[in-house]
Amino acid sequence: MTRPVARRNPLVLELERQRDLLRRQQERDQRVLSALYNISLACRERPSFREIFTAISAELATVFSFDATYVAFCDERPEYFKCALLVDEGMAEYLEDVPYGALTGAIVHSREPLLYRDLVYERDPEQDRVPFGQVEKRSRAWLGVPLMIGQDAVGVISIQSYQIGVYTEAHRDLLQRMANVIAVALENVALIERQGRLSAALASQVAARTEEITALSAISASLVERRPLAEVLDRALGVVLKLFRLDAGNVRLLDEAREFLVLYAQRGFSEAYVQRTSRSPLASSPIREVVITGQPTIVTHGWRQRYAASRSITSIPLEVFPPFESSLILPLTIGASVAGTLSLFGLTPRTFDDHEVSLAQSAANQIAVLVENTRLLDERERQIAELRALGEVSRAASTAQDVRTLLRQVHDALQSFMPLDVFSMVVYDHERGVVIDGLTIDEGHAYDYWQNQPPPPRSFTARIIRTGEALRFSDLPAEIGAHADIEIALTGAERPARSWLGVPLRDRDGRIIGQINVQSYMPGVFSARDESFCIVLPPRWLCTCRMCACSPSVAARSPSSRRSVRSARSLPPPTIWTACWVRSTASSSA
């Protein structure tokens with residue numbers, strides 16, 4: 001009766017062994033499923049990689065036995081992990097921008113797992129060791145698998161033990177299957193993170209482009225506003241400085257002769273800078289190349305040192321400049337011609353990428369259009385003002401009862417479009433060699449001078465009467481040294497002018513019978529256009545001046561005075577001179 005029982009015992013034992021094995025397998029599978037589920041849940045809340053890696057390490061501990069683990073995700077740069085979590089006996093270390101190690105790099109490159117029963121004796125002794133955690137201990141059993149997405153390895157998971165032979169091929173296969181699922185979860189997190197970065201970058205670019213469009217629109221809006229050119233350029237400069245977040249800037253335009261860069265607008269500079277550099281000679285200007293080549297000049301750092309080294313070639317008063325480190329100088333281009341420059345400065349080093357340079361050049365082009373548009377409008381208004389002034393001068397010549405009244409009316413007519421501070425006239429008698437009338441209106445006050453006297457021989461008046469040529473100075477104190485035969489002779493309020501323009505007055509026979517001049521206490525005021533206008537002023541008012549000057553008693557005593565009266569009466573009417581001036585203006589403009 002006992003033998004059958006004995007025969008069943010091996011079968012029962014085998015069945016019980018298989019049952020226990022299946023139970024353990026089921027429990028392990030349950031732990032694996034639970035671990036993967038928990039890892040997936042951890043990835044749903046858009047956590048950081050550090051939080052996900054910590055969750056992965058904790059869930060792996062429920063499935064595998066290990067003393068240390070290493071979880072890493074690859075970066076877009078080759079040979080680098082974007083981030084990695086190293087855990088050794090509970091000590092965790094999270095790193096970013098980690099270079100591949102010898103073992104982890106081999107896994108990523110081969111896309112195959114690595115298994116060592118005893119790492120100390122099985123690994124290549126020539127490979128570099130990358131210890132972490134308990135560096136005095138050496139890992140013995142080592143298992144690492146790639147995180148695979150399709151055919152690409154996107155990361156590595158390794159588990160390590162200080163015991164020999166802990167891991168088998170079964171552990172390798174199981175860890176690889178888990179790693180394939182974990183890889184998908186990590187890739188989704190990476191994609192979400194990348195999408196967030198792209199969205200933020202897109203939003204930033206949209207905001208930047210919107211700001212740029214707004215800035216360019218603000219500059220363009222000045223096209224429909226009628227404001228002085230200096231005010232328009234100052235507003236445009238403020239918009240550009242705000243757009244590029246720079247500290248200072250200026251706008252300079254070439255003068256009519258293209259010899260000077262004239263300061264029209266500035267921000268971030270001192271009054272001393274304005275006074276010293278209001279008119280910068282182009283020939284010695286540090287930004288001359290921008291005007292000549294029509295290309296921008298960029299200084300990313302060391303601005304002061306750069307220009308200090310070039311002071312022997314260029315004239316730049318560094319003592320009135322702020323301590324700039326960077327600059328961007330752009331041409332104001334109208335067609336194929338450069339009209340001036342837009343200069344932007346920073347107090348700190350600053351790089352300018354291609355987009356910023358292109359944007360700045362677009363702003364400079366907009367400013368150039370503003371300059372051209374404003375100049376065209378100014379030209380139209382100037383022509384209207386000149387015609388109006390001619391009419392007023394002609395009416396004054398017919399109605400004025402004395403020279404002083406006539407001079408005042410001519411002064412007012414010219415001042416409507418010429419920024420003059422002083423208007424002066426001399427009526428000269430050639431036969432007697434004396435001034436019949438010398439009158440000056442200086443800032444609203446009238447003065448007489450040189451009555452019945454010859455003009456000082458080295459005066460501007462004497463030079464004009466002697467040569468019959470006009471004189472024009474943009475900066476009188478600086479330019480007078482080039483003329484050895486003349487010197488400044490103060491009249492009126494006896495305040496020296498900075499800008500001076502004088503032209504001869506002629507009768508119908510071409511004989512010089514005086515001169516008129518306009519003056520300003522600011523440099524660079526009068527242009528060749530002003531000179532031409534003064535030359536072709538209708539002579540009818542001059543007739544009146546001579547007739548008023550030649551009183552009956554003087555006429556009786558002086559034959560030359562009587563001839564002057566007859567000559568004045570025979571001059572053509574003002575309307576003819578006005579028509580001639582209009583034709584000459586139209587032809588010169590063409």
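Modeller: The protein in this predicted model exposes about 30,000 Å², with 53% of that supplied by carbon and sulfur atoms.

Biologist: What makes a residue count as buried, and what share of the 590 residues does so?

Modeller: The cut-off is under 20% relative accessible area. Of the 590 residues, 45% count as buried.

Biologist: How do you know where empty space is left?

Modeller: A probe the size of a water molecule is rolled over the atoms, and this shows where space remains. A set of points is called a cavity because the 1.4 Å probe fits there but cannot get out. By this rule there are three cavities of 30 Å³ or more. The largest cavity holds about 240 Å³ of space.

Biologist: What makes a residue part of the lining of the largest cavity, and which are the closest to its centre?

Modeller: A lining residue has an atom within 4 Å of a cavity point. For the largest cavity 22 residues line the space, and A489, L490, T491, W500 and Q519 are the closest to its centre.

Biologist: Which strand gives the most to that lining?

Modeller: Strand 18 does, with three residues. At least two residues each come from strand 13 (422-429), strand 14 (434-442), helix 12 (460-467) and strand 18 (512-520).

Biologist: How many of the lining residues of the largest cavity are nonpolar, polar and charged?

Modeller: The lining of the largest cavity has 12 nonpolar, eight polar and two charged residues. Only Asp, Glu, Lys and Arg count as charged, so the two charged residues are of these types.

Conventions: Residues are numbered from 1 along each chain as its sequence is written. This is a predicted model: local features need pLDDT of at least 70, side-chain atom pairs count only at pLDDT 80 or more; totals for chains, interfaces and linings use all residues. Side-chain values use heavy atoms; hydrogens and water are left out. On a 1 Å grid over the protein atoms alone, a cavity is a set of points where a 1.4 Å probe fits but cannot get out, and a pocket is an open set with protein on both sides within 12 Å along at least five of seven lines; lining residues have an atom within 4 Å of a point. Grid points are joined across faces, edges and corners, and a volume is the space filled by probe spheres set on the points. Helices (H or I, at least four residues) and strands (E, at least two) are DSSP runs, numbered from the N terminus. Buried means under 20% relative accessible area, exposed over 50%, partly exposed in between (1.4 Å probe, protein chains only). Accessible areas come from the Shrake-Rupley method with a 1.4 Å probe; for residues, only the protein chains shown count as cover.
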